[in-house]
Amino acid sequence: MSYSPRVIACLLLCLCASLVQAEISYAPEQPETAVEIIDELTNKHYRKQPLDDALSRQFLYQYIDSLDPAKSYLLQSDINEFSRWETELDDMLKRGDLTAGFAIFNRYIERATDRLQSNINLLENNYQFDLSREESMSIDMDDVPWPATMAEADELWRKRLKEAYLRLLLSDKEPQAARDLLIKRYINLGKQLAQRDNEDIFQAFMNSLAALYDPHTTYMSPRSMENFRIAMSLSLTGIGAVLQLEDENTKVVRVVPGGPADKQGILQAGDIIVGVGQGNEEIVDVIGWRLDDVVDLIRGEKDSTVKLEIIPSSGESAGNSREIAIVRDKIQLEEQAAKSEVIEVNSEVGHYQLGVITVPTFYLDVEAYYNRDPDFKSTTRDVMRLLDELEVRKVDGVILDLRNNGGGFLQEATTLTDLFIDPGPVVQVRYSNQVVSRNHRSHAEAYYRGPLVVLINRLSASASEIFAGAIQDYQRGLIIGEQSFGKGTVQIQLPVRQGQLKLTESKFYRVSGNSTQHLGVVPDVELPSFYDKDEVGESADKHALPWDQITAVPHRRYNFTDVPLETLKERHSYRQQKDPDLVFLNEELELMRERRGEKTISLNETVRRQEMAENEQALLNVENRRRIAKGLEVYPSVEKWQEIRDPADPDTRDLSERDPLLYETGNILADYLSLLAPKSMLVTQP
């Protein structure tokens, strides 16, 4: 959509009026709240970390980076000026002095406001971008220094504006429409800046300190608490996705199993949301927006449609965004419930029927449970019922699929483990005072004693890791997949004078004594990974609590994993080289890794279009090699492939195509069954 000069002029007048504001000062109660937060962090956080000069220095630069992560607005001279507070922030905060935090924020607002107005002026004055010029721009902000001068900042922004303009052209925007959209983007960003108040600043300042303790410790202002309460209420619905702010972008961290986005099937973890629209209305550009404002746009009434413009995390070429539509809905408990299916594996070692139980989350109907409702719903009760159904169907073994399971109720991780092991400890918990609790135990005899595989990936976290770790330590089953997320900490909510502090108070440890924190659970047999461990997972955060060990607790050992793991790995490796679907998957993942590894991006339109075409052709070549190997008809062109790339009913495809990793897990279990000794399930005492 193109905007008339009159409309743009009106928008500019509104922007100029909104940006005229006085410097923001802190509220009377915020100094006392800061002192209280510091006291809680110092005395109750698991990481006994004093607020001293060393932490003060980290705090300063963490705060600056949180305000201007892409080094878009501040200058090196600003950073030099702020450095006078390097070893003073600790003492200032202890006495409730917030002067530095608000002074830095006000300077940031000043620089950003001026820059946005400069961008608008440049675009409004019809500045012509030379798209034929051979030049590139760094996309790795860690390698980019702060601009030393205003001239350097102007040059940096010339390239950024050009890249943003080119990206829109590559997404099939007309030149004038692209220019108008950028003008509107910077107008909206200016309006957002003008709406910041002392509550926003105080929350950003305190969270920069909290983040130095660990990534799960956060401060929520009164307004954020209310937004969270609303988000968790039944009156609002959304798409079922966990989002986070990364630099100036809204990134999808996880798609909630059973939610609208999961059912629609296109949105994936790692995708970047650059625009949001309502129904048939125009999509609003959200680059640079606050996360809560983006979430507000995505929320809406049940059965209404939200449009998202996304940049996929897959191997598609840079600048190639796509538009998707998702119908909002409430995520019902039934949609999160465990489900089962039976898959058939015909391999060289034989024909097997295998039960697959998918557990999206560890859930519990708390109200029904505490009201002693005999029919209360829980993960454990549902899995027990599904095991009964699979036994009737005489399956040869069971795969428990915990991929993308981000955790849930610790109690359910314990009771679910109880279905597969005899009485014994399940997990240890060590608190900040170093006291270790071993109260989470299996109390009953094992309900299912047959062959078991637990399938995990990088997004399997928390309670999932407790369950998988216990199964591995007891040698009760094989763990197959990717190294899990590594979220092995427990948080508590602490009210403070204004708002609330979520604080890490304890860590999980396996019965072997190994922590699930940071390292996660390492699979016995590793499958190809969609996720970069340097970008996704606890270890990707430099302030995450470390992996460590405590004393192991005596526990039984089952002989389930007495089969030679090397044999299973060798057979898996052979199939990765020969199976068309696995070969395709690995080649596709390699193309994705190559794209992720790029540090610069071309600003030449011809080069970018050629890169897009080459990348699409490379993906098609991989797909066609797979089809030839399976005796299928090849796609004659990228265009023909794209027409049917997202089938309306993916379940009509063979399991090896729609979920090759699950099918390969079945093959590995089949290999195990072929090697299984008659007495393999005997228990040995420690």
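Reader: At what angle do the axes of α6 and α9 cross?
Author: Roughly 115°, with the axes of α6 (residues 99-124) and α9 (residues 198-210) coming within 10 Å. That makes α6 roughly perpendicular to α9 (65 to 115 degrees counts as roughly perpendicular). Axes are lines fitted to C-alpha atoms over the stretch in contact, with angles from 0 to 180 degrees between N-to-C directions. Helices are DSSP runs of H or I, at least four residues, numbered from the N terminus. This is a predicted model: local features need pLDDT of at least 70, side-chain atom pairs 80 or more, and totals for chains, interfaces and linings use all residues. Residues are numbered from 1 along each chain, and side-chain values use heavy atoms, without hydrogens and water.

Reader: Which residues of α6 and α9 meet?
Author: Gly-101, Phe-102 and Phe-105 in α6 meet Asn-198, Ile-201, Phe-202 and Phe-205 in α9 (contact means heavy atoms within 4.5 Å).

Reader: And α3 with α9, what angle there?
Author: Roughly 130°, and the axes come within 8 Å. That makes α3 oblique to α9. The contact includes Phe-59 and Tyr-63 of α3 and Ile-201 and Phe-205 of α9.

Reader: New topic. Where does Ser-72 lie?
Author: In the loop between α3 (53-67) and α4 (76-82).

Reader: Buried or exposed?
Author: Ser-72 is buried, because its relative accessible area is 3% (buried means under 20%, with a 1.4 Å probe and protein chains only).

Reader: What does Ser-72 touch?
Author: Arg-115, Trp-157, Arg-160 and Glu-248, not counting residues up to four places away in sequence.

Note on methods. Helices (H or I, at least four residues) and strands (E, at least two) are DSSP runs, numbered from the N terminus. Buried means under 20% relative accessible area, exposed over 50%, partly exposed in between (1.4 Å probe, protein chains only). Angles under 35 degrees count as roughly parallel, over 145 as roughly antiparallel, 65 to 115 as roughly perpendicular and the rest as oblique.
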